[in-house]
Amino acid sequence: MTATDTDTGAAPLDDGFRPLRVAAIDHDTDDSVVVTFDRGDQRLRFEHGQHLTLRREFDGVELRRSYSICSRAPDGPLRVAIRRVPGGVFSTWASTELQVGDEIDALPPLGHFTHRIDPAVARSYAALAAGSGITPILSIVSTILAAEPLSQVSLLYVNRTSRSAMLLDELLDVRDRHLGRLSIAFAFTREDTGGDLLSGRPDRQRVEHWIDAGFLPADADHAFLCGPIELTTDVREALVEAGLPIDRIHREIFTTKQQGTATLAPQEISEDSVAVATGRATLHGRTTEFDLYEGDSVLDAVQRVRPDAPFSCRSGVCSTCQAVVVDGAVDMAVNYGLTDDEVGRGYVLTCQSTPTTDHVDVDYDT
Ligand SMILES: Cc1cc2nc3c(=O)[nH]c(=O)nc-3n(C[C@H](O)[C@H](O)[C@H](O)COP(=O)(O)OP(=O)(O)OC[C@H]3O[C@@H](n4cnc5c(N)ncnc54)[C@H](O)[C@@H]3O)c2cc1C
Ligand code: FES
């Protein structure tokens, strides 16, 4: 295997993680907690809609998980809200065992579920949050209302029941602080609200009724959607059909049943492994050569020689592993993290990429 470094004058190997100290844990719904971190000396700034990548070892296996920052950007409290997923390793630990004073490793805030704020404009926004999808949406909505005093937001918040709605007090507080500029409609999939429109399964027909009724205005300047893939796909398609250009619709999903090429760690290389391509990765100012074997994603191959390669979900969702292809070409198995514009500029999700050329150069620093 080749592992040659160039530009050895670079800083020592640093995988970008820094410890964050837990300053407060507040119980939210029956199955979720709100975790606030001390910023310490690190003046960590974030953009609305971005997330933290947290990592911890469980029985000797390192897990990395992303959690959206749910407060106002750029300098609100560094806070995430974590819902316990049944059988979920990280979320169960975080919501039952994590204590004030604990330290947890985190990457600096990342993510593209955001847009350029303009204090001078009067925009209208549509927002859809389903379940824990409220976390980035709360950050986006509160940032817009604070930083664009002429803009207004229509939010549709979908939950199973009223008891399961996360961050409800914070959301109502934001509405009260910006009187008349945030309208919120609540829809429940397993609770009767007394009307057909806002109770029941959120199928495509109901989504179209939401748009017709103005809960998600199709004449908005931007729409932000966060929730399950099926619902956000329906809403996005219905908004496009109703006239909202797709490049104004921003979407984030947290998980997908389709796992793409998800693996926990790169495969072990043996004498029988078949090399299929070579590559070079530039990361933290250092360029390293690598070999790709059958079954490898570009991330797998890079990680074998550069353990500091960034990643989290390994399933094409979080975009932590993004890089620009500067030479050669790749195929992406799935892509839920990059916009068409970013793909057009050469960005790929390396966890989902396999080379279609004999050689591929990727740059993580761009
Ligand atoms: C960009 C991004 C931002 C995110 N922000 C948040 C956030 O703010 N709050 C939050 O609670 N979560 C958020 N998530 C989801 C989070 O990263 C984890 O996926 C989630 O906490 C489950 O991890 P786990 O280790 O507990 O479950 P795992 O042990 O990985 O999974 C256990 C089982 O649950 C399923 N599963 C995994 N995630 C989910 C899910 N979200 N919903 C339903 N089933 C699931 C898996 O398919 C698996 O069958 C975000 C994810 C991404 C990519
Ligand atoms: S690691 Fe999440 S998209 Fe690649």
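Into which domains is the chain divided? In this predicted model, the chain splits into domain 1 (18-110), domain 2 (124-252) and domain 3 (260-363).

**Domains and the second largest pocket**

- Taken over C-alpha atoms, the centres of domain 2 and domain 3 are separated by 35 Å.
- The second largest pocket lies between domain 2 (124-252) and domain 3 (260-363), because both of these domains give residues to its lining.
- This second largest pocket holds about 720 Å³ of space. Its lining has 27 residues, and those closest to the pocket centre are Gly337, Leu338, Thr339, Asp340 and Glu342.
- Two elements, β12 (249-252) and α7 (340-344), each contribute at least two residues to the lining of the second largest pocket.
- By residue type, the lining of the second largest pocket comprises nine nonpolar, ten polar and eight charged residues.

**Ligand 1 and its shell**

- There are 20 residues around ligand 1, and the ones that come nearest are Arg65, Ser66, Tyr67, Ser91 and Thr135.
- Which elements each supply at least two residues of the shell around ligand 1? They are β5 (61-68), β6 (78-83) and α1 (89-96). With four residues, β5 gives the most to this shell.
- Sorted by type, the shell around ligand 1 has nine nonpolar, eight polar and three charged residues.
- Arg65 uses its side chain here: one of its N or O atoms is 2.7 Å from an oxygen atom of ligand 1.
- Backbone atoms take part as well. A polar backbone atom of Phe90 sits 2.9 Å from an oxygen atom of ligand 1, and for a polar backbone atom of Ser68 the distance to a ligand 1 oxygen atom is 3.1 Å.
- On its own, ligand 1 exposes 910 Å², and the protein buries 75% of that area.

**Backbone details worth a look**

- For context, most peptide bonds are trans, and most residues other than glycine have a negative phi.
- Is the peptide bond from Ala73 to Pro74 cis or trans? The bond is cis, with omega near 5°.
- Pro74 belongs to the loop between β5 and β6, and these two strands each supply at least two residues of the shell around ligand 1.
- Leu167 is not a glycine, yet its phi is positive, at about 55°.
- You will find Leu167 in the loop that runs between β9 (152-159) and α3 (168-177).

Definitions and conventions:
Residues are numbered from 1 along each chain as its sequence is written. Chains are lettered from A and ligands numbered from 1 in the order in which they are written. This is a predicted model: local features need pLDDT of at least 70, side-chain atom pairs count only at pLDDT 80 or more; totals for chains, interfaces and linings use all residues. Side-chain values use heavy atoms; hydrogens and water are left out. On a 1 Å grid over the protein atoms alone, a cavity is a set of points where a 1.4 Å probe fits but cannot get out, and a pocket is an open set with protein on both sides within 12 Å along at least five of seven lines; lining residues have an atom within 4 Å of a point. Grid points are joined across faces, edges and corners, and a volume is the space filled by probe spheres set on the points. Ala, Val, Leu, Ile, Met, Phe, Trp, Tyr, Cys and Pro count as nonpolar, Asp, Glu, Lys and Arg as charged, and the others, Gly among them, as polar. Domain bounds come from an automatic or database domain assignment. A residue is near a molecule or strand if one of its heavy atoms lies within 4 Å of it. A polar contact is a pair of N or O atoms within 3.5 Å; within protein, one must be able to donate a hydrogen and the other to accept it, and residues adjacent in sequence count only if both atoms are side-chain atoms. Accessible areas come from the Shrake-Rupley method with a 1.4 Å probe; for residues, only the protein chains shown count as cover.
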